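Please look over the sequence and the structure shown below. The report that follows goes through the chain as a whole and then through a few local features.

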Amino acid sequence: MAGTKIKKRAQKVVEKPAEVIKPADQLQLGPKELEEEITRMLRSDNPQAPDNTILFNFNEQHFVASTNTDKNIHHFSQDTILIGQSGAEAEQEEEYLAMKAGDKETKQDDAADDVSEAPEGDTVLRNRFNFSERATQCFTYPYKDKNVTTEAPRIIEVRGTVDQSVIYDAYMADARRKEAAPAASADTASTDVTVLPSTEPHGTKAELGTEALGPLHLMERMISQNTLSSVIADYKFFENPADAKDRSRGSMLPLWKFKYDRASAKAVTAVAWHPEHPDLFAVAYGTRAFLLEGAHPQSFIAVFSLTRPHYPEAVIVTPANICSVAWNPIAPSQLAAGLYSGEIAVYDMARAPALPTDTPTQPLARSTARNGKHLEAAWAVTFWADSVGRGMDIYSTSTDGTAACWTVAKTDIKRASQLPLHDGGMVLAFNPGSDHHYLVGTSSGTILLCSKAYTTHYLREFKGHTLPVSGLSWNRWMPDLFLSAAEDWAVVLWDSKRDAPIARFELDVPVHSVAWSPATSTVFAIARADGKIAVYDLAINRYRPVCQHTVCPHRVTTIAFSETTPVILAGDEKGVTHVLKLSPNLRQKAVFVPPKPKPGQPPVKISPEEIARRSEAMEKEKLEDFVKFAIKSNIAAGMEGQ
């Protein structure tokens, strides 16, 4: 019964007529139109090939329309080593195989002849030193072409206008010089003294006179500004447009290179910006190759100006290598220097000689063995306000294991106090938010927090380095934070109230200097031993620098940010001081924008002082957010307790 039902259902399905579904808007054709044949022609043209190709004609030096258009379409292509049996290529292959088989038979016949000619009982050995056989094992390297595209040389137009009077004066001056030449040679021949040309860059005082040096310096500045107008324009106005496209990257623009010829064999050991004039800075020269130059070789301090890059404004000759320099903020003409001999010397730049001399410059005050000095090199020196608040004292540290305070009274310098350290001092930095606290970095890698109120012991020690500390820098927005750099390839961020570091930056080279940016709370720069300056922005990337610029192929010894202009100084071990301009991304600061008023309400007036105060608060919040995040990460990783 079940089978009969299935058959009946199948018959019903088969017998059901087909239902044709047509769209409502289908075109209705008659029988004649349906029987009509429509012919279509197939062509070899490629419908997708462009027919309006424009190419540049180098002969006619303009663009022309191309008429040659490739109509071929390759649907399948495969390279193979098979060769057809018919064709010229197959015949060449057969000839080559036949020639190769004939060469093989010839070699076999020659070998059989050699064996037959050999005496019985002797073993026939193949000649492995046959040069003709060994030569076939060499590789034949193909020739390679290497092309390099360079920029076109820059064309500079030089023009001048002269008249007849100028030409006449030039001929007359040349005639007078020729007439004076025989008389000068006769006078020289009558004596045994050899007259050498002066090595002074501007002559001597007897030739020029002291009153003539001022106008000559002014004229030299004017000439420098005219010849270096493009560099000065970049210094004042250039901003890298690439910073607007990528806010996470920055760049540095090299501007000037300052070098003192007499100190070309020495390294730049310290640089310091002038506290009043933003274009002046002091450069100290020294070297650590003490065994090669003797105990206390002569050195120099050069004061340069950005408006006169060819020669320093003043030069001080010191009796020993210089380890550090510092300007007096209250008396800007005074400059303190820490010497390798352990002496602290204070120079008055207003009394400095206008032209350099071969003898050491007389200092305003100088510590000696009589009035007390360091027993070893004075590696760091700085000015700081005294306890009374009326003047400035000098603080220094040395590898003799002491940190000393010096008072200067007119032309006398005395040691006021001395703090013993458990290791030699290398760097020293005062906290800008405190009148008493300062840091001392030691040769063992330990950092000591000291106070002016205590002269027998320090307050706290921070252990985060294993090699001598090379740099210390306090943060201005959060006075408890400071950075330390050392020769152990690390930069560490500290809080003076916490024993454990907040963050640690591991590098691949030693670090010789570190400095916080005065414009941005989260930006700092380091001087690397491979000749690079790396700039970090903690608000953007903690692990990688936002800018890394190669300054020179050797060590960068020291760096210093400018307080008023967007430039940074970098001294290297070859005696060259580089001036580089920071791009906007390396000095971007938080700016408070007043909120827009609601519809129908008057705008809220905010004074410029209030906007500046809120901008400073926003800048401080950037650094506080990073510090909170870093401390939470350390606690989560078990690196620091609650």
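With which residue does Arg-504 form a salt bridge in which the closest N and O atoms are 2.4 Å apart? The partner is Glu-506, where a salt bridge is a side-chain nitrogen of Lys or Arg within 4 Å of a carboxyl oxygen of Asp or Glu.

## Basis of the model

This is a predicted model, in which local features need pLDDT of at least 70 and side-chain atom pairs count only at pLDDT 80 or more, while totals for chains, interfaces and linings use all residues. Residues are numbered from 1 along each chain as its sequence is written, and side-chain values use heavy atoms, with hydrogens and water left out.

## The chain as a whole

Of its 642 residues, 37% are buried; buried means under 20% relative accessible area, exposed means over 50%, and partly exposed lies in between, with a 1.4 Å probe and protein chains only.

The accessible surface of the protein chain comes to about 42300 Å², and 54% of this surface belongs to carbon and sulfur atoms; the areas come from the Shrake-Rupley method with a 1.4 Å probe, and for residues only the protein chains shown count as cover. Among contacts (heavy atoms within 4.5 Å) between residues at least 6 apart in sequence, 49% join residues at least 24 apart.

## The sheet E20-E21-E22-E23

Four strands form an open sheet in the order E20-E21-E22-E23, with antiparallel pairing, two strands being counted as paired if DSSP finds at least two bridges between them. Its edge strands, each pairing on one side only, are E20 (469–474) and E23 (503–506). Neighbouring strands of this sheet are turned by 15° against each other on average, direction ignored; for such angles, axes are lines fitted to C-alpha atoms, for helices over the stretch in contact, and angles run from 0 to 180 degrees between N-to-C directions. E20 and E21 run antiparallel and are joined by five bridges, and Ser-473 stands opposite Leu-483 in E21.

The loop between strand E21 (481–486) and strand E22 (490–495) holds Trp-489. The phi of Trp-489 is near 70°, a positive value in a residue other than glycine, whereas most residues other than glycine have a negative phi. Trp-489 is partly exposed, at 40% relative accessibility.

## Salt bridges

The structure holds 19 salt bridges. One of them joins Asp-488 to Arg-504, with the closest N and O atoms 3.9 Å apart, and this pair links distant parts of the chain, since Asp-488 lies in the loop between E21 and E22 and Arg-504 in strand E23, 16 residues apart.

Elsewhere, Arg-351 forms a salt bridge with Asp-348, the closest N and O atoms being 3.5 Å apart. Here Arg-351 is exposed, with a relative accessible area of 64%, whereas Asp-348 is buried, with 16%. Asp-174, Arg-177 and Lys-178 are linked in a network of salt bridges.

## The sheet E3-E30-E29-E28

Another open sheet of four strands has the order E3-E30-E29-E28 and antiparallel pairing. Strand E3 (252–259) and strand E28 (556–561) are its edge strands, each pairing on one side only, and the twist averages 25° from one strand to the next. E3 pairs with strand E30 (residues 576–582) in the antiparallel sense over seven bridges, and Leu-253 has Lys-581 in E30 as its bridge partner. Helix H8 (residues 229–237) packs on this sheet, where H8 touches E3, strand E29 (567–572) and E30, and the direction of H8 makes about 130° with that of E3.

## The region around E1

Ile-54, Phe-56, Phe-58 and Phe-63 make a nonpolar surface patch of about 470 Å²; patches are made of residues with over 30% relative accessible area and no salt bridge, like charges being joined within 9 Å and nonpolar side chains (Val, Leu, Ile, Met, Phe, Trp, Tyr) within 5 Å. Ile-54 lies in strand E1 (residues 54–57).

Gln-61 is found in the loop between E1 and strand E2 (62–65). Although Gln-61 is not a glycine, its phi is positive, at about 60°, and Gln-61 is exposed, with a relative accessible area of 54%.

How values were computed: Helices (H or I, at least four residues) and strands (E, at least two) are DSSP runs, numbered from the N terminus.
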